[in-house]
Amino acid sequence: VLVYVETDKPIYKPGQTVHIRLIAVDSMLRKAEDDVVVEILDAKGVKVFKKNLHVDGMTGIDFPLSNDPNLGVWKIRVLRGDDTINQLDFRVERYVLPKYEVKVATRDWVLPDEKIKGAIEAKYVFGKPVKGEYLVEAYRYVGRWDKYAEAKGKIDGKAEFELPPVEYVVASPHQQAGGLLLNVTVFEKNTSYKQTVSKMIRVVPSEIDVKIIPEGSSFKPRIPFKVLIVTKTQDGKLVDKAVKLVIQKISKDDVKKEELEVKTEKGKKIIELKPEDWVESIAIQAMIDGKSVAFTMISRAISKSFYLHVEKVRGDKVGDEYEFKVYYPKGKQVYYEVVSKVVVLFTDFV
């Protein structure tokens, strides 16, 4: 059962009510039921709310904020037993109409050894440029947000800045890249009034984004298993690129490593693996110019009897003749059905 959590908006003011909705579905996205615990932590990490809930498809919670709460990022956690199965952040802030608007222009991604360059623009709501000073604070994520650099200077409507390379960051299990956070503050010259904006930048290992996409969540021994390699620019355009794959076949007692050089065509390449009986998991690491750019781990499917595998050979659209290849042990008989929605159109055996 998958349990999703959402709020009616991302930012709340003190005294407002946070409307929370939980949705429970199965792997086919059909309505499901589950028993969970919902916790809310304030900006200082203090647990301020806890409730046991039975989710029957969908349920809601209303959480009123006090008139003087801790300001910052609050967290909603959904737990099943002692395990956190989902989490959502929302902000609690006092809203003040800005006297001027601050914009930050940078690239959306950066390499670890690359300097970060950007431009700041600050204008009053009536269009006149803001004169004063700016401060750029750079935070890299290393399990926590760590300030590693800053830049400051004078601004007359516009200014440019440069920061040293981030060098290293870490990514969470749900992220494909590490994070860099820029907090940019512009101080008005005469009143010292300040306005701050933030921008997130992805820290990526290469200019090429590589995805390793297995055909399934598990493999079956002695049965061909396909893996799709996709290469794109960081802006999302498919590009041809030579990629080195380091493939490790792992058992309890042994690890066998092999290397495979592939080149994508129109940004894609399919490779085929045929794991031996002793293999329990397969690790695939993609490398470009000696740098690791992607990694995935695939586990062996578990069967108490034998393995069955179906592979489509041809057929893509209405009117085509479809052909399938079936892998199964010698001496076994395979029965199959062709089903449209809930109607069996054809059945036979081989």
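These questions and answers go through a predicted model of one protein.

Visitor: How are the residues numbered, and which pLDDT do local features need?
Guide: Residues are numbered from 1 along each chain as its sequence is written, and side-chain values use heavy atoms, with hydrogens and water left out. This is a predicted model in which totals for chains, interfaces and linings use all residues, side-chain atom pairs count only at pLDDT 80 or more, and local features need pLDDT of at least 70.

Visitor: What is the average pLDDT of the protein?
Guide: pLDDT is the predictor's confidence in each residue, from 0 to 100. Where pLDDT is low, the predicted coordinates should not be read in detail. Here 98% of the residues score at least 70, and the protein averages a pLDDT of 90.

Visitor: Which element has the highest mean pLDDT?
Guide: The lowest mean among the elements, 85, belongs to strand S25 (residues 309-314). The highest, 97, belongs to strand S14 (residues 158-163).

Visitor: How many helices and strands does the protein have?
Guide: Both are DSSP runs numbered from the N terminus: helices are H or I with at least four residues, strands are E with at least two. By that count the protein has zero helices and 28 strands.

Visitor: What is the radius of gyration of the protein?
Guide: The radius is taken over C-alpha atoms, and the globule rule is 2.2 Å times the number of residues to the power 0.38. For 350 residues the rule gives 20 Å; the protein is well over this, so it is more spread out than a compact globule. The C-alpha trace spans about 90 × 50 × 50 Å along its principal axes. The radius of gyration is 27 Å.

Visitor: Which residue of S11 is the bridge partner of Ala105?
Guide: Strand S9 (residues 100-106) has a covered face of Tyr100, Val102, Val104 and Thr106, while Glu101, Lys103 and Ala105 make up the uncovered one. S9 pairs with strand S11 (residues 116-124) in the antiparallel sense over seven bridges. The partner of Ala105 is Ala119.

Visitor: Which residues touch the most other members of the largest nonpolar core?
Guide: A nonpolar core is a set of buried Ala, Val, Leu, Ile, Met, Phe, Trp, Tyr and Cys residues joined through side-chain atoms within 4.5 Å. The largest one has 26 residues, and the elements giving two or more of them include S9, S11 and S14. The residues that touch the most other members are Ile120, Val136, Phe161, Leu163, Leu180, Leu182 and Val186.

Visitor: Is Thr264 buried or exposed?
Guide: Buried means under 20% relative accessible area, exposed over 50%, and partly exposed in between (1.4 Å probe, protein chains only). Thr264 is in the loop between strand S21 (255-263) and strand S22 (268-273). Because its relative accessible area is 1%, Thr264 is buried.

Visitor: Which side chain makes a polar contact with the side chain of Thr264?
Guide: A polar contact is a pair of N or O atoms within 3.5 Å; within protein, one must be able to donate a hydrogen and the other to accept it, and residues adjacent in sequence count only if both atoms are side-chain atoms. The Thr264 side chain reaches the backbone oxygen of Val239 at 3.4 Å. At 2.8 Å, its side-chain partner is Thr231.

Visitor: With which side chain does the side chain of Lys249 make a polar contact?
Guide: Lys249 is in strand S20 (residues 242-250) and is buried, with a relative accessible area of 10%. The contact, at 3.4 Å, is with the side chain of Glu276.

Visitor: What is phi of Glu167 near?
Guide: Glu167 lies in the loop between S14 and S15 and is exposed, with a relative accessible area of 56%. Its phi is positive in a residue other than glycine, near 70 degrees.

Visitor: Where is Arg222, which has a positive phi of about 65 degrees?
Guide: Arg222 is not a glycine, and its relative accessible area of 57% makes it exposed. Its place is the loop between strand S18 (218-219) and strand S19 (225-233).

Key: Two strands pair if DSSP finds at least two bridges between them.
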